[in-house]
Amino acid sequence: MNASRRGGDEEPGLPHPSELLPPLDPEQLDVLAELGRRWPRLAPYRPRTYEALPVDPDLGEFRRAEVGRGPFGRLAPVGPLAPPRTEDREAEDTADGGPGGAPTPLHRARRLLLGAPLRSTTLAHESMRKLVALPVLAADALSSVAYGPEALLTVLVLAGTAGLDWALPIAATIAFLMLAVGLSYRQTIRAYPHGGGSYIVASDNLGRVPGLLAAGGLLIDYVLTVAVSLSAGIAAVTSALPALRPAVVPLGLAAVALLLLGNLRGVRQAGMIFAAPTYAFLIAVLALVVSSLADAAHRDFVPVPPTLPHATEGVGVLLVMRAFASGSTAMTGIEAISNAVPAFRPVRWRNARTTLTWMTGLLIALFAGVVASAHFSGVVPGGGETVLSHMARLTFGPGFLYGYTQAATAAVLLLAANTAYNDCPRVLHLLARDDHAPHIFQRQGDRLAFNNGITALSATAALVFVAFDGETAALIPLYAVGVFLAFTLSQAGMVAHWHRRRTEPHRRKNLLFNATGCVLSGLVLVTAAITKFLEGAWVALLAIAVFVVLASRVRGHYATVRAALRLRPQAVTHVDARLPVKDTVPEETGAREEGPACRGEEEETPQQVRHLTVVALAVLDLSGLRALAYAASLGQPLLALHISPGEAEADRFRDYWDRWGDHVPLHVVLSPYRALIAPLVHYIATLHAERPDLTITVVLPEIVPRHPHHRLLHSHDAARLRRALRPLPKIVITEVPFHVP
């Protein structure tokens with residue numbers, strides 16, 4: 001992704017609130033200036049100064065004590081409207097309760113659970129150091145050793161002793177695959193230091209459709225990561241506590257709620273919550289492997305004969321391929337670090353590569369160690385107990401160490417889904433930025449987390465978990481297809497990347513690593529698709545295909561909307577074709593004279609109504625200019641209002657406004673916590689408190705698509721604003737529709 005696609009971030013690779021406000025290109029700026037030059041002879045009312053308004057838009061002399069608590073609780077105070085003059089903590093308190101009254105119990109509970117809001121400028125400080133990033137981003141991959149080796153052995157045990165003899169060779173092949181893919185992603189991080197997930201790499205090097213296929217595979221993988229991690233974690237719990245087996249589904253839903261809450265608190269808090277279980281799991285499994293192999297060494301590594309069920313299949317190519325595909329699920333999550341490079345502290349790419357190296361080494365050691373320990377201990381799947389549980393019981397006995405191992409395994413599996421919570425919202429954010437997903441996935445919440453993406457992942461994973469009754473064995477066949485599709489396309493994209501960069505140092509070595517990873521990942525993908533097609537892989541393939549079709553249609557809709565809203569030369573031609581309207585300016589004398597105190601909604605004649613029209617604008621496109629023209633045509637005092645996420649965006653909008661001609665007073669409200677509706681409600685409520693005799697009409701541009709289902713792709717701010725302002729008298733919400741053909 002280049003800088004322009006990132007919206008000009010101050011810190012490359014980090015999401016930025018201004019991405020929601022697309023800039024105008026030079027052609028649109030010229031059209032805007034031309035339309036501005038024609039505005040004076042077309043608009044019947046054009047107040048050029050604040051003195052023409054019945055209120056002071058800056059609200060600088062407004063005394064906070066007069067507001068009281070108001071009908072909105074935390075929304076009434078005016079504190080967050082201006083650039084903060086106090087410390088962050090005071091600004092956060094003002095955002096909750098404000099000077100007019102204490103926070104409501106609901107918002108106290110919200111702040112207790114989620115924490116106080118964070119400004120956009122604190123995003124860099126919410127980055128992770130390596131020792132926190134390892135458990136947060138590698139939890140999925142590392143915890144997969146709790147079910148990957150078991151999935152491998154579950155297939156081989158069908159062929160009895162002859163099948164289990166293939167366990168070590170297949171495990172060695174998978175370990176080599178882990179090494180190759182890990183080295184490949186090191187090259188990806190170096191080539192894409194601002195985040196090189198499969199979607200970005202495939203899109204940049206292979207095209208839009210391969211990029212969407214990679215994104216679809218990743219999203220399927222993330223949903224299944226949550227569902228499989230929860231099911232495997234609860235299986236660890238029920239192995240130690242069989243009485244809980246009937247409560248598998250409720251336990252899973254409770255775990256989803258915990259994950260949702262933890263991730264809504266933001267990056268740093270999520271890392272603190274999820275770091276301890278991952279390290280506890282590492283200690284437990286390493287101790288288990290070392291102890292088990294030490295016992296095997298005392299027997300000269302002679303395997304204990306396992307107790308096997310009757311063989312139901314013979315050893316053949318198909319069986320070996322199925323076992324290989326099942327065991328390869330231990331690699332899921334290996335690309336998470338390359339996806340989340342922006343989440344690291346500077347130097348981001350270097351810290352990400354170091355963390356990836358640690359993760360790959362640990363993953364290979366744990367996976368190979370568990371398979372070897374199970375082989376020499378004679379442990380096979382079955383009996384309603386997981387392989388890790390059986391090994392721990394044999395090695396440690398039923399005492400404290402066994403309980404610790406099971407508790408650590410359950411905790412890390414239940415929380416390993418956090419890797420998906422870190423990456424899935426980022427992929428949705430990238431898709432939304434490229435118009436392949438609804439733009440609501442670009443918005444960050446109070447804690448700088450992509451709340452909409454986190455919520456969507458939680459809801460989808462919960463549905464999948466419930467649909468499959470929390471059975472790990474039923475979910476595994478859906479798992480490998482999506483992740484290895486993403487691996488294959490990502491590595492193929494990197495091969496194309498190095499092929500084009502012929503002058504790049506170490507180009508041949510990098511190309512070799514990525515080509516090896518591509519071939520091996522493609523082999524697993526084909527194997528999983530063939531051997532597990534009827535077991536459920538077809539569901540994942542169908543879901544990916546549906547996603548590509550829907551994402552393409554969403555992009556087509558946004559392209560239509562953007563073309564319709566674009567400022568273009570034809571707009572000037574259409575203006576010329578209209579009859580000019582008489583240029584009149586209302587008399588300003590006495591415009592700011594105070595009216596009588598408001599005694600309620602008692603206006604019975606037009607002469608009693610005193611007007612102020614406020615046009616809320618996000619961008620200066622055709623819909624915004626049409627809303628301005630409509631408001632100006634009413635011939636009433638007019639004020640334009642822009643809610644800006646930061647100083648840079650505010651300055652950019654003011655430049656556009658000056659380019660247009662500054663025909664209407666403009667007031668810019670800074671919203672450092674990225675909220676849109678709350679600052680607008682603050683502002684309107686404060687205007688009303690200052691001049692309760694005024695009837696304030698809030699004019700909003702509205703995008704009206706031709707097809708009803710496209711309305712889901714656009715915000716519904718007017719409805720939210722209407723609900724928030726309904727308790728106030730003399731507030732009128734007007735939407736100016738702009739119909740998209």
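Predicted model: local features only at pLDDT ≥ 70, side-chain atom pairs only at ≥ 80, totals over all residues.
What volume does the second largest cavity have? About 40 Å³.

**Start with the whole chain**

Show everything as a cartoon. The protein chain has 26 helices and five strands. Colour by burial and you'll find that 56% of the 741 residues count as buried. Switch to a surface: the accessible area comes to about 30900 Å², and 62% of that belongs to carbon and sulfur atoms.

**Into the cavity**

Rolling a probe the size of a water molecule over the atoms shows where empty space is left. Here the structure holds three cavities of 30 Å³ or more. Select Leu 218, Asp 221, Tyr 222, Gly 333, Glu 335, Ala 336, Thr 419, Asp 423, Val 483 and Phe 487, and you have its lining. Helices H9 (208–240), H17 (418–433) and H19 (472–500) are the elements that each give two or more residues to that lining. H9 gives the most, with three. Sorted by class, the lining has five nonpolar, two polar and three charged residues.

Now pick Ser 198, in helix H8 (residues 198–206). Is Ser 198 buried or exposed? With a relative accessible area of 0%, Ser 198 is under the 20% cut-off, so Ser 198 is buried. Beyond its neighbours up to four places away in sequence, Ser 198 touches Tyr 185, Ala 214, Leu 218, Glu 335, Asn 339, Ala 486, Phe 487 and Ser 490. You've already selected some of these: Leu 218, Glu 335 and Phe 487 are among the residues that line the second largest cavity.

To centre the view, select Glu 150, Ala 235, Glu 471, Thr 472 and Ala 473, which lie nearest its centre out of 36 lining residues. The elements giving two or more residues to this lining are helix H5 (148–156), H9, helix H12 (317–327), helix H16 (400–416) and H19. Which element gives the most to the pocket lining? That's H9, with seven residues. By class, the pocket lining has 16 nonpolar, 12 polar and eight charged residues.

In soluble globular proteins, nonpolar side chains tend to be buried together. In this model the largest nonpolar core has 134 residues, and Met 359, Leu 431 and Phe 484 have the most contacts inside it. H9 gives the most to this core, with 15 residues. Zoom in on Leu 431 and show what's around: leaving out residues up to four places away in sequence, Leu 431 touches Tyr 199, Leu 212, Ala 215, Leu 219, His 436, Ala 437 and Phe 547. There's also a second, separate core of 33 residues, which includes Leu 24, Leu 617, Tyr 656 and Val 664.

Jump to Ser 373 in helix H14 (residues 348–377). Ser 373 counts as buried, because its relative accessibility is 0%. Setting aside neighbours within four places in sequence, Ser 373 is in contact with Val 289, Ser 292, Leu 293 and Met 391. Now draw a C-alpha to C-alpha distance from Ser 373 to Phe 301: it spans 10.0 Å, for two residues 72 apart in sequence.

Phe 301 is found in the loop between helix H11 (267–298) and H12. Phe 301 is partly exposed, at 42% relative accessible area.

Most residues other than glycine have a negative phi, and most peptide bonds are trans.

- Lys 730 lies in the loop between helix H26 (717–725) and strand E5 (731–740), and is buried, with a relative accessible area of 9%.
- Pro 346 to Val 347: this peptide bond is cis, with omega near -5 degrees. Val 347 is found in the loop between helix H13 (336–339) and H14.

Definitions and conventions: Residues numbered from 1 in each chain as written. Heavy atoms only, no water. 1 Å grid on protein atoms, 1.4 Å probe; cavity = no way out; pocket = protein on both sides within 12 Å on 5 of 7 lines; lining within 4 Å. Points joined across faces, edges and corners; volume = space filled by probe spheres on them. Helix = DSSP H or I, 4+ residues; strand = E, 2+ residues; numbered from the N terminus. Nonpolar A, V, L, I, M, F, W, Y, C, P; charged D, E, K, R; others polar. Buried < 20%, exposed > 50% of the residue type's maximum accessible area, 1.4 Å probe, protein only. Contact = heavy atoms within 4.5 Å. Core = buried A, V, L, I, M, F, W, Y, C linked by side-chain atoms within 4.5 Å. Areas by Shrake-Rupley, 256 points an atom, 1.4 Å probe, with all protein chains shown as cover.
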